[in-house]
Amino acid sequence: MASLHDLRMGDIIVAPSYLHPFLREQLIEENQGCIGIHLHSFYSLLTSWQKEEPQGEIAIISQYRKLIKEMLPSLSIYKETASSLPFLQECYAFIEDMKTWDISIDQLPRETASQKELYAILFPLYPITTSADIQKKTLEKRIHHDFSNIYLYDASFSLKEQKLVDFFIEHGAKHIPMQPVCQKKQFYHAVNKRQEIEGCAQYILQHDISAQDIQITLTDTTYAPIVKQIFERYKIPHTFLSNSHTSIITKRFHALFQYYLRQDEKHFLNCLDCGCFVVEGIESLRSHLEIFPGNITTPFDHLQTIDYQGHVLSPLDLKKLLHLQQKAEEVRQQVTEKLHPFLTSASIEEVFLSICELVKETLSTQHTELQVFLKVQNFLNDVFPYLENMEDFTFYLPYLDKISYDGSIKEMHGAIVTSLTQNCPKKQYQFILGATQNNYPAFSFKKGIFDESYYQFLPYPSMEDRYAHYLKQLEKQLWNAPVLVVSYPLGTYEGKSLEAALEMEQMLGKPESYPLHTSYVPRKTSLEISPQIAKQLFVKDDVLKGSISSLERYIHCPFSYFLRYGLGLREPMQYTFSDSYAGTLSHYVLETLTKTMGKEYAKATSDKIEQLLHKEIEEIKEIFPSSASSYSLLEKRLFTNLTQTLQRLEDMEEHSHLKPWKQEEPFTYTLPVKEDVKLQLYGIIDRIDADGNLASILDYKSSIKTLSEPKVFAALQLQLLTYSIVVKKMHKEVLGAYYVSLKNENIPNIAGQLKRRPVSYTEIGKEEKEALLKKAHRRNGWTMSYQVDILDDDASHIAGVRQNKDGIIKAGKTYSLDQIEKYFTTIYQKIADRILSADISLTPDEDACTFCKYYEICRFHGLYTKKEPFIEPDDALYRKEEEKEDATME
């Protein structure tokens, strides 16, 4: 046994490279310095002794590939896979094992046809010199050397490394063991791994543990990003020993090589996503290709020749599209200029040089990016001699993808985060996270072509011996600190249950729940403005202008309103033919029909509907030519939907005594707010039906929508009733205001009804199904007159309207529009007052974030706010009759 105190100048410590920083600290503490003492890993020590430079894996795999290609005609079982990279890598790893454990080629099994063919494949590959051959020669040359100045520091050694340990000790090397310590053991579980890590962080803080005294062992690599996130939130300093990660530089190389091999739009977009081109405004090119797919070698100019006459896209939409195309064309020209030498390269060497130049332009000042760039260059130099053409390069792409930035630890601070195969000395607390049956002990057995059943025929350590050695190494993790805290999650995020590792249960007993303390502090935006600033942002010429929907937005989320109407942040345009465009087109068709045909609009012929739709769709196709086929399908779908909608509206018109009066009617509605400020609302009413001084409002919707009293007085549904107030000021008596769904709603289509007593079965007929369909498509809204029979003389087209036993048609509730106007005046004044008082709090309700385009800006993750009513209405909201009869169905 030896210790660090025994070291003298010229001695060598052999330990895994991750332990070197710890050992330097210990040497400074215990020996007052480490001058003349050399630190090596097994690999670096053997490399320093080697006189022969070993071939890299790429060179060896390339030689294997060449030999196997010559053998392919003679193969049968492995003919399809023998020349693939995964198969060759398995062969490489197996031959390394053979040479490490002195297994000759003649010892391979040859009983079955598969074994015979594997023998035939491996026979010509075996003589190729590998790193195991060179290592063996190096050790043979030093067999008579004195290793007494070499100290082997205890660590988790693989079986292959243990063989080297035994060899070194046999030749005089000394072993510095890790002394196991007496322990206090604790065993916890948590609901999931996030709460498990949260519990670990809280345990550290509650016990006032210095981060320098902690090792955290992760049994699962997926824990790493969550540990980083939670420990940063709790301000616990920490260092990851394994800090290797992929780089964007590697992804750029990969994307460019793939694009060279497959020059299509998909692979070019991958290049854009990876940032392969340093061109100002490159995002406009990406957006253009998403909207107008095409070849970048063709100029972007088709919008400049189009005279759009449709009614779906607004002039502002067209202006945005044209501006985007002009900008994208400028960028396209710059990008194609950069790509020209790359795409016209005549040789592999020119392709490599062109791609390197493109990627070199994208390098930042970060040292890590240059490091990865140089690694890729070395990789290309290694691969180049084995390429006959660029298609050959696809074979080596997996090697390119594995190139990463190796963030070797230069200085350590705080808790040390390790894996199961990494031990840190001199720590007081050892936390093992994720100790489930899947993750611990996580012994890796042989699988693939050369699996355990194949290895059992060879003089190779048995699986029992390998497992016993593996457990022995893991035990070092369990005894390297005075306090051991083990934990595991009870389940995954998806709800799948997990079990504790059997070894942990046997050693630690029954686990208890991690004591997790939670608290919620509402998150508020730190942005505040003064009332003076609010007035400057929202009021122009003493008028606070806005659409009704904008004020509803304010109620849903004041912060979203501030971003849109205060700062003027425009929401991104919806460039594809979205559902909103489909709704716009349906509105246009109904508006056109009602204007030209009046009350007979619902009887429009199929040819008329098809003509209107076809004209609009053809206009859209000119704008988006690449989506022409999908628009043709959309045209058919809209035609079917509108035809069925008009059939329902025809039945509604037959039972209504009003007729279309105005369509898409613009309005303004002004209210006093303060002495020097007025609120001016503006909007467009889809449709007003009238007969003399009687009127009703219809608002087209893409699906069923109801008017809810709680939402109305919480200012979440203001539009329909505000329309009613506006129409009232046109000297009309408003009978009601309703939503009309343009969607073909689904209905339950049962075959029949079964009765138990007496047992009978009644089949559902066509009339019952039609009644269900009519009921599902009734108008929803508020009725404001007792003359409801003028709107619906058979009480089957408006929800809430019934016909009593005397044949009188009544609404379940009849609202007072005069009272609604008083309430709304107060509501609007209170909303305006909140805006002018600079309330821009981040307090969304549960519906506000669903389609909000500003969600990525605020990143709200708090509890949603329940919107309370501005006014508690009283009975004055409802009109009362002298005769109070219940409206019941006949």
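Asp542 sits in the loop between β14 (539-540) and β15 (543-547). Its phi is near 65 degrees, a positive value in a residue other than glycine. The structure is a predicted model, in which local features need pLDDT of at least 70, side-chain atom pairs count only at pLDDT 80 or more, and totals for chains, interfaces and linings use all residues. Residues are numbered from 1 along each chain as its sequence is written, and side-chain values use heavy atoms, with hydrogens and water left out. Helices (H or I, at least four residues) and strands (E, at least two) are DSSP runs, numbered from the N terminus.

**Another loop**

- The peptide bond from Tyr440 to Pro441 is cis, and its omega is near 5 degrees.
- Pro441 belongs to the loop between β11 and α17 (452-455).

**The four-stranded sheet**

- Two strands pair if DSSP finds at least two bridges between them.
- Four strands make an open sheet with parallel pairing, in the order β2-β1-β3-β4.
- Its edge strands, β2 (38-40) and β4 (174-176), each pair on one side only.
- On average, neighbouring strands of this sheet are turned by 30 degrees against each other, direction ignored.
- Three bridges link strand β1 (residues 12-14) with β2 in the parallel sense, and the bridge partner of Val14 in β2 is His40.

**The seven-stranded sheet**

- Seven strands, also with parallel pairing, form an open sheet in the order β7-β10-β6-β11-β12-β5-β13.
- At the edges stand β7 (238-240) and β13 (512-513), each with a single partner strand, so one side of each has no neighbour in the sheet.
- Strand β5 (residues 184-190) runs parallel to β13 and is joined to it by two bridges; His189 has Ser513 of β13 as its bridge partner.
- Helix α8 (residues 193-206) packs on this sheet and touches β5, β6 (214-218), β11 (429-433) and β12 (483-489). Contact means heavy atoms within 4.5 Å.
- The direction of α8 makes about 170 degrees with that of β11. Axes are lines fitted to C-alpha atoms, for helices over the stretch in contact, and angles run from 0 to 180 degrees between N-to-C directions.

**A hairpin**

- Strands β20 (residues 752-755) and β21 (residues 760-763) pair in the antiparallel sense over four bridges.
- A hairpin of four residues joins β20 to β21.
- Lys755 has Ser760 as its bridge partner in β21.

**Two packed helices**

- The axes of helix α21 (residues 548-556) and helix α22 (residues 558-566) come within 5 Å and cross at roughly 135 degrees.
- The two helices α21 and α22 are therefore oblique to each other. Angles under 35 degrees count as roughly parallel, over 145 as roughly antiparallel, 65 to 115 as roughly perpendicular and the rest as oblique.
- From α21, the contact uses Ser550, Leu551, Arg553, Tyr554, Ile555 and His556; from α22, it uses Pro558, Ser560, Tyr561, Arg564 and Tyr565.
- These contact residues divide into six nonpolar, three polar and two charged. Ala, Val, Leu, Ile, Met, Phe, Trp, Tyr, Cys and Pro count as nonpolar, Asp, Glu, Lys and Arg as charged, and the others, Gly among them, as polar.

**Pocket and cavities**

- On a 1 Å grid over the protein atoms alone, a cavity is a set of points where a 1.4 Å probe fits but cannot get out, while a pocket is an open set with protein on both sides within 12 Å along at least five of seven lines; lining residues have an atom within 4 Å of a point.
- Grid points are joined across faces, edges and corners, and a volume is the space filled by probe spheres set on the points.
- The second largest pocket holds about 1,200 Å³ of space. Among its 39 lining residues, Tyr43, Glu96, Ser131, Ala132 and Gln135 are the closest to its centre.
- Helix α6 gives the largest share of that pocket's lining, seven residues. The lining has 18 nonpolar, nine polar and twelve charged residues.
- There are three cavities of 30 Å³ or more.
- The largest cavity has a volume of about 70 Å³, and α22 gives the most to its lining, with three residues. By class, that lining has eleven nonpolar, one polar and no charged residues.
- The second largest cavity holds about 50 Å³ and is lined by Leu19, Tyr153, Asp154, Met178, Asn423, Cys424 and Pro425.
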